[in-house]
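Open the model in your viewer and keep the sequence panel beside it, so that each stop on this tour can be selected as you read.

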Amino acid sequence: MTEAMHAPGVDVCVVGGCGRVGLPLGIALAARGLSVVLYDIDETAVARVNSGAMPFTEHGADEPLAEALSAGRLRATTDPTSVGLAEALVVVVGTPVDEHLNPDLGAVPRAIERCVEHMRDGQLVVLRSTVYPGVTALTEKLLTSRGLAVDVAFCPERIAEGKAMTELFTLPQIVAARTPQALDRAEKLFRHLTESIVRLEPEEAELAKLFTNTWRYLKFAAANQFWMMANDFGLDFERIRHAVTFDYPRADDLPMPGFAAGPCLLKDTMQLAAFNRNNFVLGHSAMLINEGLPLYLVSRLEDRFDLSDLTVGILGMAFKGGSDDPRDSLAYKLRKILTLKARETLCTDPYVADDRFLPLEDVLKRADLLVIASPHPDYAGLQTDKPLIDMWGLTGQGVLV
């Protein structure tokens, strides 16, 4: 356990504060002058933050982290008593679905149970994780049952990884609570970040966040299905998409094809399906399309190449371009399929640390066929005489496979 904070009190304690959502929020609040403590059970991450090093890549976070630590406005700790120091708690924990794609309703209550004995009357408790509808009400019941008189609010995170230090200050913040007092306190907290606030009821806000992520997942699925259709007719989807979107604003949000992965979009689409009694044909169809994309891609490769005689190099293992985050990346599903089909499979990524990966130069030298699985900008100008599969359109050579 790290050293506990000895300050008489702080403005905010972020529970789960050294993760990819909690840490940028803590840094942003500290940058606006609030005193912040980050409570996390990950001792390694806590030590890195206190040393001034980010545990992961987040553009624009290094300098304000160093400034906040130097000014004494930010500190990380594994000490659960730190939650009692704060006027406001912001709970940011993972809210996964299980192996059967059912929501885990207990993730947030378990995080609160770990520190509830140190909470006190009068605090503001803000849930920041994406939650299954009803978890805010569940949390209110839990805290009431423990005899605590606190205000509870749900204010969902809306950032994209890698853009947090910009979007926390520019995107509207959704704040929701059951009582006017809780709503006012939550709004006051987030007005330290932005003047653009949207007030909702808790259940409205819970659905707003799920609708947001599901909408993005559906759009990616539509683009991927369109790409497969064009491919199967021997046509380049990139040329068709350009025609669809060129000076035509009603269609300019049509994405390029690519792996729709990561820890949020599929998970939140399945949470929404579960909420609707698994009557969500559109969401389940999107899952089949997006999760089936690695299988489709390999089947196209089999039509063109004798994979059993080739070494295939996979370029990029992160779930999105420019990220060091491999969580739920479909590049790993692609690797699993190619391990069965190809003579050998090699992986590389300039951002994800993994001893099994090779330097890009080695993969370019040894592979017979290259597949861009994550659209890292490093690959845009790739020079190679090997066949290069680029469904993202990163290299500007078309996306026909």
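Begin by selecting R277, which sits in the loop between helix 10 (265–275) and helix 11 (281–291); helices (H or I, at least four residues) and strands (E, at least two) are DSSP runs, numbered from the N terminus. This is a predicted model, in which local features need pLDDT of at least 70 and side-chain atom pairs count only at pLDDT 80 or more, while totals for chains, interfaces and linings use all residues. Residues are numbered from 1 along each chain as its sequence is written, and side-chain values use heavy atoms, with hydrogens and water left out.

Stay on R277 and look at its backbone: phi is near 55°, a positive value in a residue other than glycine. R277 counts as exposed because its relative accessibility is 69%, where exposed means over 50% relative accessible area, buried under 20%, and partly exposed in between (1.4 Å probe, protein chains only).

Next select D328, in the loop between strand 9 (311–315) and helix 13 (330–341). D328 is not a glycine, yet its phi is positive, at about 55°, and with 54% relative accessibility this residue too counts as exposed.

Now move to strand 5 and select residues 124–127, where L124 and V126 lie on one side, V125 and L127 lie on the other, and all are buried. In a regular strand the side chains alternate between the two faces of the sheet.

In helix 5, select T136, which is buried, with a relative accessible area of 1%. The side chain of T136 makes a polar contact with the side chain of E206 (2.6 Å); such a contact is a pair of N or O atoms within 3.5 Å, and within protein one must be able to donate a hydrogen and the other to accept it, while residues adjacent in sequence count only if both atoms are side-chain atoms.

For the last stop, select D11, V12, L34, E87, A88, L124, R185, K188, L189 and H192, which line the second largest pocket. A pocket is an open set of points on a 1 Å grid over the protein atoms alone, where a 1.4 Å probe fits, with protein on both sides within 12 Å along at least five of seven lines, and lining residues have an atom within 4 Å of a point. The space in this pocket is about 190 Å³, the volume being the space filled by probe spheres set on the points, which are joined across faces, edges and corners. Helix 7 gives the largest share of the lining, three residues.
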